[in-house]
Amino acid sequence: MIRPMEARDLDRVVAIEEVSYVKPWPERLFAEELDLDSRRYFVMEEGPGIVGYAGLMLGADEAHVITLAVHPERRGHGYGAELLWTLFEQARTAGAQHLTLEVRASNHPARSLYQRFGFEEAGVRKGYYGDDDAVIMFAHDIDSEHYASRPGARNG
Ligand SMILES: CC(C)(COP(=O)(O)OP(=O)(O)OC[C@H]1O[C@@H](n2cnc3c(N)ncnc32)[C@H](O)[C@@H]1OP(=O)(O)O)[C@@H](O)C(=O)NCCC(=O)NCCS
């Protein structure tokens with residue numbers, strides 16, 4: 001089940017953050033983000049626990065994927081795709097036409113997931129992460145019929 005992230009989730013979110021990112025966000029930063037009107041954060045629950053989360057920043061006609069992570073032991077089951085699809089729905093509902101993100105060049109699972117959803121590479125920021133380049137990706141016209149049929153589904 002996917003639902004909006006709440007402050008009470010943050011200890012479990014940060015536990016996943018710390019095993020998912022080289023430079024993890026501290027709890028304080030998530031708490032500040034949750035207070036911002038332009039942000040939408042979600043968690044995925046499995047039984048009593050949280051197994052993943054995702055965050056979106058809404059702009060005028062463009063939305064930005066801020067974060068997406070699944071607990072290492074629960075990866076490869078389509079949870080990342082479910083969370084990403086939730087961000088697409090939120091962005092479309094808010095009137096965005098494009099969804100964009102940056103991903104580490106070496107992050108093949110994430111790049112593969114994004115390509116499956118129709119993201120295209122728009123450029124590279126050399127050394128963006130210090131030890132790695134950032135690939136800038138865009139999904140265009142997310143309000144089109146193409147995205148109404150959920151192109152990222154494995155059976156879609
Ligand atoms: C990216 C991430 C959220 C994907 O979560 P997930 O639940 O495994 O997602 P899915 O099960 O939908 O699989 C996504 C893709 O990763 C692939 N994958 C999953 N585990 C993998 C692994 N250990 N090695 C290589 N590829 C893997 C899947 O095969 C799938 O590829 P496909 O789209 O070509 O079929 C997860 O790997 C993660 O949390 N990574 C660390 C944080 C991160 O890098 N976030 C993205 C920042 S831009």
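This is a predicted model: local features need pLDDT of at least 70, side-chain atom pairs count only at pLDDT 80 or more; totals for chains, interfaces and linings use all residues.
The chain contains 5 helices and 7 strands. Read from the N terminus, these elements follow the order β-α-α-β-β-β-α-β-α-β-β-α. The radius of gyration is 15 Å, close to the 15 Å that the globule rule gives for 156 residues, so the chain is as compact as a globular protein of that length. Its C-alpha trace extends over about 35 × 35 × 30 Å along the principal axes. Among the 156 residues, 28% count as buried. Contacts within the chain can also be sorted by sequence separation: of those with a separation of 6 or more, 56% are between residues 24 or more positions apart.

The helix pair comes next. Two packed helices are described by the angle between their axes and the distance between the axes. In this model, helix 1 covers residues 10-18 and helix 2 covers residues 27-34; their axes come within 10 Å and cross at roughly 120 degrees. Helix 1 and helix 2 are therefore oblique to each other, and their crossing is right-handed. On the side of helix 1, the contact is made by Leu-10, Val-13 and Val-14, which meet Glu-27, Phe-30 and Ala-31 of helix 2. Classified by residue type, this contact comprises 5 nonpolar residues, no polar residues and 1 charged residue.

Gly-55 belongs to strand 3, which spans residues 49-58. Leaving aside residues up to four places away in sequence, Gly-55 touches Glu-33, Arg-39, Tyr-41, Ile-66 and Thr-67. Ala-69 lies 14 residues from Gly-55 in sequence, and the C-alpha atoms of the two are 9.5 Å apart.

Arg-125 is located in strand 6, which comprises residues 120-125. Val-19 is 106 residues from Arg-125 along the chain, and a distance of 24 Å separates their C-alpha atoms.

Technical notes:
Residues are numbered from 1 along each chain as its sequence is written. Axes are lines fitted to C-alpha atoms, for helices over the stretch in contact, and angles run from 0 to 180 degrees between N-to-C directions. Helices (H or I, at least four residues) and strands (E, at least two) are DSSP runs, numbered from the N terminus. Angles under 35 degrees count as roughly parallel, over 145 as roughly antiparallel, 65 to 115 as roughly perpendicular and the rest as oblique. A crossing is left-handed if the near helix is turned anticlockwise from the far one by less than a right angle, and right-handed if clockwise. Two residues are in contact if their C-beta atoms, placed from the backbone, lie within 7 Å. Ala, Val, Leu, Ile, Met, Phe, Trp, Tyr, Cys and Pro count as nonpolar, Asp, Glu, Lys and Arg as charged, and the others, Gly among them, as polar. The radius of gyration is taken over C-alpha atoms; the globule rule is 2.2 Å times the number of residues to the power 0.38. A residue is buried if 20 or more other C-beta atoms lie within 10 Å of its own, exposed if 12 or fewer, and partly exposed in between; C-beta atoms are placed from the backbone.
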